Amino acid sequence: LKSEALEVLEKVATPKELADLRVKYSGKKGALTEVLRGMGKLSAEERPVVGQVANEVREAIEEVINRKQEEFVRAETNERLAAEKIDVTLPGRGLPQGGIHPINKVIEQMEDIFLGMGYSVAEGPQAESDYYNFEALNLPKNHPARDMQDSFYLTDELLMRTHTSPVQIRAMEAAKGKAPLKVICPGAVYRRDDDDATHSFQFFQIEGLVIDKGIRMSDLKGTLLQFAREMFGESTEIRLRPSFFPFTEPSVEVDVTFVKKNGERIWIEVLGCGMVHPKVLEMGGFDPEVYSGFAFGIGVERIAILKYGIDDIRHFYSNDMRFLKQFSRI
Ligand code: PHE
């Protein structure tokens, strides 16, 4: 029994086989157990002899079983370690990195320029009251100039703001008549418009407002020239054309020079502005006899389109990664 067992045991190849053999030899119904159980029938002289032999056999068998068991455990561990090995010298996998949207980048650049001129940044709600969006800007109900900005009304009194100019009223109210006031107000605006390459029902503006004693049109022009040159380069020129806005008087539209790829220099309109209308100053809590001011509203997309040579305003809103990725390093 012993030599047979030892021979078979040495040959086992799997943990399962070993477990089966353990049962066969030293299990409850195993061969060895049988022998030990049968000892009761032996004579007093035979018993110690057989017992000793049986114990030896058991020890020998168990020794082999344990040794084999250890071998299996060690082999399995080695196998697992080999499979789990990490090669720390392999190059890393690149993590996809997000970027700031080109519109936000241009807003940040514009904010930086105006912060450098001593402005602070203010924001206002996108769902705005009729009062702030129109009435306080000298656009009473039924005023024909309301047609300039076809709007999305939420209720009779609430609409998606059509420009960032309502924030100049809010800024004036917050200043409580204390000058100087110098703010820019960036944000999304909405107009009922059909989308095409140059129009969108939603776009971005930066409103600027300065109020103090003795503010003149030349201050406005100097400010905008400075802005245009910081944004587009030192050789940029600006041109003011008479225009109309109910909240400014006089009002102008401003063009900047833009050099096309073929070298041709053209004028492109980028903003509307003017001297704050006395009625608007008054509604904002400033005495028009004492204070004057200027305001401007810049179209952010226009600036971005010019600066980066983009051919369709819809690229900004379609979330096409091929477009957006081009701005990740700017
Ligand atoms: N709010 C005007 C517009 O959206 C722009 C503007 C702002 C004009 C401030 C004058 C002064 O068209």
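**Ligand shell and backbone geometry in a predicted model**

Pro-250 lies in strand β7, which spans residues 248–259; strands (E, at least two residues) and helices (H or I, at least four residues) are DSSP runs numbered from the N terminus. The model is predicted, so that local features need pLDDT of at least 70 and side-chain atom pairs count only at pLDDT 80 or more, whereas totals for chains, interfaces and linings use all residues. Residues are numbered from 1 along each chain as its sequence is written, and side-chain values use heavy atoms, with hydrogens and water left out.

The peptide bond that joins Glu-249 to Pro-250 is cis, with omega about -5°. A cis peptide bond also joins Ala-179 and Pro-180, where omega is about -5°, and Pro-180 is placed in the loop between α7 (166–175) and β4 (181–190). The loop between α7 and β4 also holds Lys-176, a residue other than glycine whose phi has a positive value, near 50°.

The ligand is surrounded by 14 residues, a residue being counted if one of its heavy atoms lies within 4 Å of the molecule; the closest are His-163, Ser-165, Arg-191, Gln-205 and Glu-207. By class, this shell divides into five nonpolar, seven polar and two charged residues, where Ala, Val, Leu, Ile, Met, Phe, Trp, Tyr, Cys and Pro count as nonpolar, Asp, Glu, Lys and Arg as charged, and the others, Gly among them, as polar.

Polar contacts are taken as pairs of N or O atoms within 3.5 Å. An N or O atom in the side chain of His-163 is 3.0 Å from a nitrogen atom of the ligand, and a polar side-chain atom of Ser-165 lies 2.9 Å from a ligand nitrogen atom. In the case of Gln-205, an N or O atom of the side chain is 2.8 Å from an oxygen atom of the ligand. Of the 330 Å² of accessible area that the ligand has on its own, the protein covers 94%, as computed by the Shrake-Rupley method with a 1.4 Å probe.

Two or more residues of the shell around the ligand are given by each of β5 (202–212), β8 (265–276) and β9 (292–299), and the largest share, three residues, comes from β9.

Conventions
Polar contact = N/O pair within 3.5 Å; in protein donor to acceptor, adjacent residues only side chain to side chain.
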